Amino acid sequence: PSVTDHAGLKNNLSKLKIKPSTFEEKGHLKTVDWYSYKKQNIVGVEDDGAVLRASKDITNLDIAIGAAVNGLAFAPTKRGVLDIISPALNIYDHSSVIEFVQKEKTLFKRKGFTTLLVVESGAHDDRTISTLKHLSEGVFVIEKGAKGGLSFKVEALSGARFDQSVHQLKVTKRGLEIITGVRDEKTVIQDFIDIPAIDETIARRLYEFGFTNLEKLEKAKKT
């Protein structure tokens with residue numbers, strides 16, 4: 001489900017050199033449009049093949065999602081993105097949205113989907129965020145830096161050990177990919193501070209001069 005119209009979504013995918021029409025023609029991509037009702041009169045659910053447009057009513061949104069999931073062609077792996085939680089919380093009360101999320105989560109799980117629930121950071125109270133985290137099997141934090149770069153961190157993951165370091169991300173046609181070999185500023189500075197005789201000021205200067213790990217520092221000492 002998307003909170004942008006279908007044309008906007010296709011345009012965003014095309015920028016990543018993905019041809020959504022190819023996947024739509026094969027029945028491997030369905031979009032639930034929960035945006036167009038703001039600009040045109042949508043009655044119930046309008047089925048346009050690859051696109052299902054739902055009215056503002058959250059019940060119709062649920063119906064549209066179910067129809068989209070059931071209308072997909074067979075695929076060995078299935079992925080879903082639910083990018084309507086934050087907008088829904090701006091319209092409906094906490095209980096109604098949480099009930100809706102639980103229902104969609106059950107549907108996706110039953111149909112064998114791996115699903116990403118997108119929630120806008122800082123837009124909701126602690127109670128809502130805590131409840132959504134409880135409903136999820138993992139929590140991933142993606143932040144956009146001042147220079148436009150993306151960072152990624154695993155905050156929680158059920159039933160598995162995980163690395164809590166912050167990693168840099170890039171967007172490709174294969175999806176979000178971690179840029180290997182790049183570590184966040186806070187972690188690098190702390191590593192340097194742990195070295196005797198190096199305080200925070202010196203550590204920050206080292207980072208600013210391009211030293212991003214201890215290996216680089218050791219090589220500089222030898223030269």
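The following questions and answers concern a predicted model of a protein chain.

Q: How many helices and strands does the protein chain have?
A: The model is a predicted one. Of the 223 residues in its protein chain, 30% are buried. The secondary structure of this chain consists of nine helices and nine strands.

Q: Is E24 buried or exposed?
A: E24 belongs to helix α2, which spans residues 20-25. Its relative accessible area is 15%. Because the cut-off for a buried residue is under 20%, E24 is classed as buried.

Q: Which side chain does a polar contact of 2.7 Å join to that of E24?
A: Leaving aside neighbours within four places in sequence, E24 is in contact with H6, K10, L29 and A50. The side chain of E24 has a polar contact of 2.7 Å, and the partner is the side chain of H6.

Q: How many residues does the largest nonpolar core have?
A: The residues with the most contacts inside this core are W34, L61, I65, I85, F100 and V101. At least two residues of the core are supplied by each of β3 (51-54), α3 (58-70), α4 (85-89), α5 (94-110) and α6 (126-135). Another core, of six residues, lies apart from it and includes V188, I189, F192 and I198. The largest nonpolar core itself has 26 residues.

Q: Which residues does F100 touch, not counting those up to four places away in sequence?
A: F100 is among the residues with the most contacts inside the largest nonpolar core. With residues up to four places away in sequence set aside, F100 touches I58, L61, D62, I65 and I84.

Q: What distance separates the C-alpha atoms of E177 and H167?
A: E177 is part of strand β9, residues 175-183. Not counting residues up to four places away in sequence, it touches Q168, L169, K170 and T172. E177 and H167 are ten residues apart along the chain, and their C-alpha atoms are separated by 9.7 Å.

Methods. Residues numbered from 1 in each chain as written. Predicted model: local features only at pLDDT ≥ 70, side-chain atom pairs only at ≥ 80, totals over all residues. Heavy atoms only, no water. Helix = DSSP H or I, 4+ residues; strand = E, 2+ residues; numbered from the N terminus. Buried < 20%, exposed > 50% of the residue type's maximum accessible area, 1.4 Å probe, protein only. Polar contact = N/O pair within 3.5 Å; in protein donor to acceptor, adjacent residues only side chain to side chain. Contact = heavy atoms within 4.5 Å. Core = buried A, V, L, I, M, F, W, Y, C linked by side-chain atoms within 4.5 Å.
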